[in-house]
Amino acid sequence: MKENFINLDRFLSQNDKFIISTHESPDWDGLGSEVALFELLKSLGKKPLIVNSDPTPDTFFFLDLEHDINVLDGSFTLPSDIREYSQFVLDTNDYSNIGTLSQILKDTVREYFIIDHHEGDAGKAGPNFIRVGASSVCEIVYQIIRHYERPITLRSAQALFAGIVFDTGSFVYPKTSPETFRIAAHLVELGVTPFFIHEQIYEQNALSSFELRGRILSTIEIIYGGKLVAMKLTPEMLKETGASFTEGEPAINIPLGVKGVVASLLIKQDLSGPVKVSMRTKGDLDVSRIAIENGGGGHKNAAGYKSKLSVDETYRLAIKQMGGFFL
Ligand SMILES: [Mn+2]
C-alpha cells in the first residue's frame with residue numbers, strides 16, 4: 001500500500017494536466033472512480049479531463065449532470081495541448097483495454113498511471129497503484145482521497161458507493177472486506193441513500209435490455225453435468241433488440257443462481273470489435289489464470305479475455321478450457 005502512495009505522489013507531483021480513462025464498455029466501478037478522481041484532482045488544483053472510448057450507460061447520467069465524462073466520438077476533440085497531459089487509467093491493468101483511445105493517446109500523453117484491482121501480469125504493472133485485494137477501484141480512490149485529506153462531495157460519495165455496490169454484487173463477492181463496509185458506512189454518513197443508488201443501478205433498465213437478456217438466456221447450454229452454463233451475446237441480438245452491449249453483459253451472473261452451477265460462460269461481441277470471453281465461477285475455481293494465459297485478466301471468480309476467432313469457434317474453445325475444472 002505504501003509503495004502505491006509513493007508511486008502516486010510522484011506521478012501527481014510531476015504532472016498537472018490529466019486525462020482520466022476507464023476500460024471499454026465502462027461499468028459503475030470504472031465510471032464512479034473516474035468521477036471521484038476528477039473531483040479530487042480539481043480540489044488538488046490539477047486540471048483533469050475524463051475521456052472514454054465507449055459511451056456512458058444512460059443509467060449513470062445522474063452522476064454526470066455536469067457532462068464531465070467525454071466520449072471519443074465525432075463531437076469530441078482532444079485539447080490542443082494534449083502533449084502536456086498525462087493519463088490515469090482506471091479499473092484495468094492493460095492499457096489496450098481502454099479501447100480506441102489507446103491507439104490515439106499511447107504515444108501522445110507524457111505518461112500514464114494505472115489504478116486497478118484486477119489480477120494480472122505483475123511485470124506489466126510497473127510503478128502504479130494496484131491493490132488486487134481491493135473490492136473495487138472506487139474503494140482505492142476513496143483511500144486516495146482520504147490520504148490527501150480532501151473533502152468528499154455528495155456526488156463523489158454517490159459515485160464511489162455505486163461503484164462499490166456494483167463490483168461487490170451488493171457487498172457479497174469475495175473481495176468484500178471489513179474495510180469495504182467501513183467505507184460504505186462513511187459514504188452513507190456523508191449523505192448517500194443506499195436504496196436510491198440500488199434503484200439507479202438495478203431498476204432503471206430499458207425494456208430493450210430485458211428483451212436482450214431473454215435472447216441471451218435462450219442460448220443456454222448446460223455442460224459438465226450441470227456445473228457449467230454457457231451462453232452467447234451476438235451482434236445480431238443487439239441489432240434485433242436495439243439494446244446496448246453493456247446491458248447484455250450482466251446476464252452472465254444469472255446461471256450462478258442455480259443450485260449446482262459453479263461456472264458461467266458468456267461469449268459476446270459488440271456491433272463492432274473483437275469477440276470477448278467472460279467467465280464467472282463460485283468457490284475455488286480460479287478463472288483469472290485462464291484469462292491471463294489468453295492475454296486477458298480479471299479476478300479469481302470473474303475474468304475475461306479477447307479472442308481473434310469467431311463467436312462459435314471461441315465458444316467451443318472456451319468450453320474446452322473450462323473443462324479442466326470438471327474432467
Ligand atoms: Mn472494478
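Two strands are taken to pair if DSSP finds at least two bridges between them. Helices (H or I, at least four residues) and strands (E, at least two) are DSSP runs, numbered from the N terminus. The model described here is predicted: local features need pLDDT of at least 70, side-chain atom pairs count only at pLDDT 80 or more, and totals for chains, interfaces and linings use all residues. Residues are numbered from 1 along each chain as its sequence is written.

Strand 1 (residues 17-22) and strand 2 (residues 47-52) run parallel and are joined by 4 bridges. In this pair, Ile20 stands opposite Ile50. Strand 2 also runs parallel to strand 3 (residues 69-71), with 3 bridges between them, and here Asn52 faces Val71. Together with helix 2 (residues 28-43), strands 1 and 2 form a right-handed β-α-β unit; right-handed says that, with the strands pointing away from the viewer, the path from the first strand over the helix to the second runs clockwise.

The loop between strand 1 and helix 2 holds Ser25. Its phi is positive, about 40 degrees, although Ser25 is not a glycine. Most residues other than glycine have a negative phi. Ser25 counts as buried because it has 23 C-beta neighbours inside 10 Å (buried: 20 or more other C-beta atoms within 10 Å of a residue's own; exposed: 12 or fewer; partly exposed: in between; C-beta atoms are placed from the backbone). Phe171, in the loop between helix 6 (154-167) and helix 7 (178-189), also has a positive phi, near 65 degrees. With 13 C-beta neighbours inside 10 Å, Phe171 counts as partly exposed.

Next comes the interior. A nonpolar core is a set of buried Ala, Val, Leu, Ile, Met, Phe, Trp, Tyr and Cys residues joined through C-beta atoms within 7 Å. The largest one has 55 residues, and Ala36, Leu37, Val141, Leu160, Phe161 and Ala162 have the most contacts inside it. Leaving aside residues up to four places away in sequence, Leu160 touches Gly32, Ala36, Cys138, Val141, Tyr142 and Leu187 (contact: C-beta atoms, placed from the backbone, within 7 Å). A second, separate core of 30 residues includes Ala251, Ala263, Val275 and Ala302.

Finally, the domain assignment, which is automatic or from a database, gives domain 1 (2-202) and domain 2 (207-326). Their centres, taken over C-alpha atoms, are 25 Å apart. The contact takes 9 residues from domain 1 and 11 residues from domain 2.

Notes:
Two residues are in contact if their C-beta atoms, placed from the backbone, lie within 7 Å.
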